[in-house]
Structures are given as C-alpha cells and as structure tokens.
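Thanks for coming. I will go through one model today, starting at the surface and then moving inside.

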Amino acid sequence: GQSRASRGALTSLADGFNKYTTMVASTTAAVTGLVLSLKSTIDYSKELDDKLADVRKTTSLTAYEVEQLDGLLSKLGTRTSRMDLLSFAEEGGRLGYDNVEELYEFVDAANKISVALGPDFRGNVEETIRTMGKLAEQYQVGADIGASVPEAMQMIGSAINEVGMAGSNTAPFLVDYLKRMVGISAQAKISAQDTIGFAAALDEAGQTAEVSGTVMSNLVTKLFKKTGDFAKAANMDLGKFSKLLDNDVNEALLVFFENINATDGGLAEFVENIDGLGIDGQRATGVLATLAANVDKIRQRQMLANQALRENTSLQDEYNIKNENFAATVEKLQKRILGFIADNALTRWTKDMIMLTAGLLGVTEDADGTFEKYRNRIKFVTQVVVLLVTATLSYIAALKL
C-alpha cells in the first residue's frame, strides 16, 4: 500500500511538472518575445529621433514643425520607408526649403523619382534627388509656365523615364551628363530636354559620360570662339551659320554634325574637317564621329524628351505601376505595421519613462532646470529615509542586546 501510494505521488508530481513546465516555458517565451520586440521598437524610435533631428538641422524647423511634417509624410500611400522620406526632407533642407508645405511638396516629388527611377541608380537615390533639384534650378525647367522646383524635378524625371524606355540608354548616364553640361548648357541656352537627347545618343553608342561631357563642353565653347572655322568645316555660309547660332545653339550643333557627316571622303575627310577646330585627341574624335553619325537619333530623342517634359505624365505613370504591385503592397503593409508599433501607447510610455529616468539620473538636462530640482528633492528624501531606517534598526538592535 505504501509503495502504491508513493508511486501515485510520484506520478502526480511528474504530471504536474510536465504541465507546469510547458506553461512556464510558454510564459518565458512570451516575455522574451515581448522584451525583444520592445527593444527593436526602442531601437527604431532612436533611429527615428536621430533622423528627425537631422531634418531640423538642415531645415531650421522647430520640433513641432518637424513632427507636423512627419505626420504629413506618414499619410503618403507609398512603398518608400519613413526613414527614406525623412532623408528626402533633409535633402530638401540643403536645397533651401525651410517650411512644412514646401518640404512636403519636395519630398512628394523626390518620392516619385525614387520609386520610378530609384532601381536604376542602385542605392544612390538621395544624391540623385539632390542633383536633380539643382539641375531643375540651373536649367530653369518649367520657368516659362511658372513651375516650382519639385514640379520641374518631375518634368525632368518624366523626360528621363520616357527617353530611357525608347532605347538602351540609362538614367544614371543621363543625369551624370546633365550635371556635367549644366554650366555650358545654361550659358548657351540649350535646354535640359535637348541635352538629354544628346546624352541618350552618346550612351547608346557606348561613350562615357565623363569624356562626352568634356568634349561637348569644349565643342560649344569653341563654337562661339571659332564660328568661321565651324562654318567652313560644315561647308556653310558664315552669315547663315552665325545667324543660326545666335537663334538656336542646339539646332546649329545638329546642322554642323549633319554637314560634316555628309561628305564622301569618309573618316579621313571627317578628321580633316574637324582638325582646325582646336578639338584634339582620339577620344574627342570618337565622340564627334558618334554624334555626326547619329543626328537622326539625337533629333528623335530630343523630340521625345521635349514631349515627355511638357506632358509631365511619364514619371507619374511609372510611379503608379511600381507603387501598386505585389512587392509594393508588402512593403506598404510592413511600413504600416512598423509605424503602428513605433507610435503605440506602450512605446510612447516606454520612451517617456526612459527620458524621465535619464533626467532624474542626470544623464540629460532640460532648459529650466526642473530635473535638477527633482533630483535634489529625491536625494534629500532618500537621505532622510536612510537616516530614519538606520536609526530605527539601531534602536531595535539596542533593545535586543
């Protein structure tokens, strides 16, 4: 009977152990998961606060205005992450935008460029956004219709996107070439869309942006210095060529390339024609020969770029396609969940408690010295409590003795 009772007790103990072990393990796993999730949320909140501080640094906005901007950006139905949107706002501050409305418009345009053209730039999106903002200003895109810089950025993006779909040229090459030609093109009044046409033909012919930009800048400069030599090389009347140059530099370049390519002497005569222009070097000759052989393609690309820039719909269409596919839906869902986790009451309470604890421990200070007052009071109360406890324990010990 005793053996049977002992066995039953052991069996009950084993059953209880198995049952409660599972419960304890589940509880431990749940608590561990909660702690890890809270840690990840706190880490994300730290990164977010740093990014908001970066936006304040470049834009000179107040903390309230930055929070207001962040709230507006969170309502954009885009796959672009919250951090990236704030990075675009930071770039907008570097370009001189310093109020919430203008920054929101800039970030909206930058977001569309990032989604539509970002994969082509392979991670250099922020630098590209900054460059396109500068290009829109320097080329004065849309100035005739009163377009803002963000609108002008979208117009350039539409031209680049449309021309890129028409051939084997790439968006990074077009932007790089635009950047290299911005000074000389602005002075010669060659529009951004016409410059894109030249860039597309050069890229499709296998030329590099660095060499192409250097040669074309040199060519346009020499075009005004040695107008007579250029007219002679193109077999044109000097007066007629000068008039064309005064009215439309882009057309003068295209006519020049057409005429020097129309000779029957082949490459030897072509080299002889450009020999007196002051543009030397094998690579320079290769660039000029490429342009002379592709005048029709240049005109086609320029026509397409001008049409796309005026309509300003290509970038938006591309954005809609890439922002509504399955991958975009997953990214937007992840973004929404992460935003909910980062902005819930528990996270805000945790942040407040961390800030309060840091203030009371002297890790951080506020402007009016409130934390210092509370620290002094807590220190005084703690000393009083310690003194009372020590006195009480000493009195009790004395009585016992």
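**Surface, core and salt bridges**

Val381, Val385, Val389, Leu393, Tyr395, Ile396 and Leu399 make a nonpolar surface patch of about 690 Å². This is a predicted model, where local features need pLDDT of at least 70, side-chain atom pairs count only at pLDDT 80 or more, and totals for chains, interfaces and linings use all residues. Residues are numbered from 1 along each chain as its sequence is written, and side-chain values use heavy atoms, with hydrogens and water left out.

Patch residues have over 30% relative accessible area and no salt bridge; like charges are joined within 9 Å, and nonpolar side chains (Val, Leu, Ile, Met, Phe, Trp, Tyr) within 5 Å. Areas come from the Shrake-Rupley method with a 1.4 Å probe, and for residues only the protein chains shown count as cover.

Now inside. The largest nonpolar core has 91 residues, and Ile160, Phe198, Leu253 and Phe257 touch the most other members. Such a core is a set of buried Ala, Val, Leu, Ile, Met, Phe, Trp, Tyr and Cys residues joined through side-chain atoms within 4.5 Å. Buried means under 20% relative accessible area, exposed over 50%, partly exposed in between (1.4 Å probe, protein chains only).

Last, a salt bridge: a side-chain nitrogen of Lys or Arg within 4 Å of a carboxyl oxygen of Asp or Glu. By this rule there are 12. In one of them, the side chains of arginine 130 and glutamate 91 meet at 2.6 Å, N to O. Which of the two is buried, and which partly exposed? Glutamate 91 is buried at 3% relative accessible area, while arginine 130 is partly exposed at 27%.
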